Amino acid sequence: MLLKSNLMIEKDFTMSVITIERKVLAKNDEIAGRNRELFRKNNVFVFNLVSSPGSGKTSILERTLEYFNGKVKVAVIEGDVQTDFDAQRIAKHNVPAVQIVTRSSCHLDASLIYDALQNIDLKNIQLLVIENVGNLVCPANYDLGEAVKIVVASTTEGDDKPLKYPEMFRNASVIIINKIDLLPYVNCNITTLRNNALRINPRLIIFETSCTTNAGITDWCDWIVKQIPPR
Ligand code: MG
Ligand code: ZN
């Protein structure tokens, strides 16, 4: 009897959590829609760069900015839990960078992006990159108004990430397999990684990069340029 009532409480608790979460996500989607409309009006291509911590999101951005060398007008929003180290790295490339420090939160949401946009001149950029907090779980569910989610998986993380975090790989349009220069030294079969990613999402576009040797950076950057709307 006691066990039964405990189960009831647990069940009710779970149900109320789901309801709150739904409301939060509905509100988020509404603001994301507003962001998306701003991006569309200003002809800006926006991607949301996601991965677990340490996969090389900021390094990929740095190589990308070096490749563009000022020929593409870019702004960057950096999401981090605590520091502004990544925004400092981006600012060195003479690109406007806005840092969002989330403190305890492990993801960016649409209202944080909306606030950050007050510091970005959308009329004067072609590409906005949002580097999300390193986390493969909740950023999958938070639409920021971006055109696409791009997920980075590095070879040092092994080849099973897509199977362990399917939601993220399902919601992404592109996967960048980074640190391919380390393949001889790590326990990762790149064919298995590709197949696992495609098993979760057969439409994924795949790039293979190394920020040390610059392998794959040209292909990746050429793809970005093709996504930028004409003005
Ligand atoms: Mg970073
Ligand atoms: Zn989170």
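Donors here are N, O and S atoms within 2.8 Å of the metal (3.2 Å for Na, K and Ca), and water is not among the atoms, so sites may look incomplete. Before going on, the ground rules. This is a predicted model, in which local features need pLDDT of at least 70 and side-chain atom pairs count only at pLDDT 80 or more, while totals for chains, interfaces and linings use all residues. Residues are numbered from 1 along each chain as its sequence is written, chains are lettered from A and ligands numbered from 1 in the order in which they are written, and side-chain values use heavy atoms, with hydrogens and water left out.

His 107 counts as buried because its relative accessibility is 13%. Cys 138, at 18%, also counts as buried. Cys 106 has a relative accessible area of 34%, so Cys 106 is partly exposed. How many disulfides does a search of the whole structure find? The search finds 0, where a disulfide is a pair of cysteine sulfur atoms within 2.5 Å.

Next, the other metal. The magnesium ion, ligand 1, is coordinated at 2.1 Å by Thr 58 (OG1), Asp 86 (OD) and Glu 131 (OE). The spacing of these donor residues in sequence is T-x27-D-x44-E. Thr 58 belongs to helix H2, residues 57–68, and Asp 86 to helix H3, residues 85–91; the two are 28 residues apart, and the pair links distant parts of the chain. For these labels, helices (H or I, at least four residues) and strands (E, at least two) are DSSP runs, numbered from the N terminus. Thr 58 and Asp 86 are both buried.

Helix H2 can be checked for length. The expected span of a helix is 1.5 Å times one less than its number of residues. The 12 residues of H2 should therefore span 16 Å, and its end C-alpha atoms are 17 Å apart, which agrees. Of those 12 residues, 9 are buried, so H2 counts as mostly covered. Among them are Ile 60, Leu 61, Leu 65 and Phe 68. After H2 comes Asn 69, with a positive phi near 50°.

Now the sheet. In what order do its 7 strands lie? This open sheet runs E3-E2-E4-E1-E5-E6-E7, with parallel pairing. Strand E3 (97–101) and strand E7 (205–208) are the edge strands, and each pairs on one side only. Neighbouring strands are turned by 20° against each other on average, direction ignored. Two strands pair if DSSP finds at least two bridges between them.

Contact means heavy atoms within 4.5 Å; axes are lines fitted to C-alpha atoms, for helices over the stretch in contact, and angles run from 0 to 180 degrees between N-to-C directions.

Strand E2, residues 74–80, also pairs with E4 in the parallel sense, over 5 bridges. Val 76 has Val 129 as its bridge partner in E4. In E4, 5 of its 5 residues are buried. Leu 127, Val 129 and Glu 131 point one way, and Leu 128 and Ile 130 the other way. Glu 131 is also one of the residues coordinating the magnesium ion, ligand 1.

Last, two single residues. Asn 35 lies in helix H1, residues 2–41, and is buried, with a relative accessible area of 0%. Leaving aside neighbours within four places in sequence, Asn 35 is in contact with residues including Ala 110, Tyr 114 and Leu 144. Asp 219, in helix H8, counts as exposed at 53%.

Definitions and conventions
Buried < 20%, exposed > 50% of the residue type's maximum accessible area, 1.4 Å probe, protein only.
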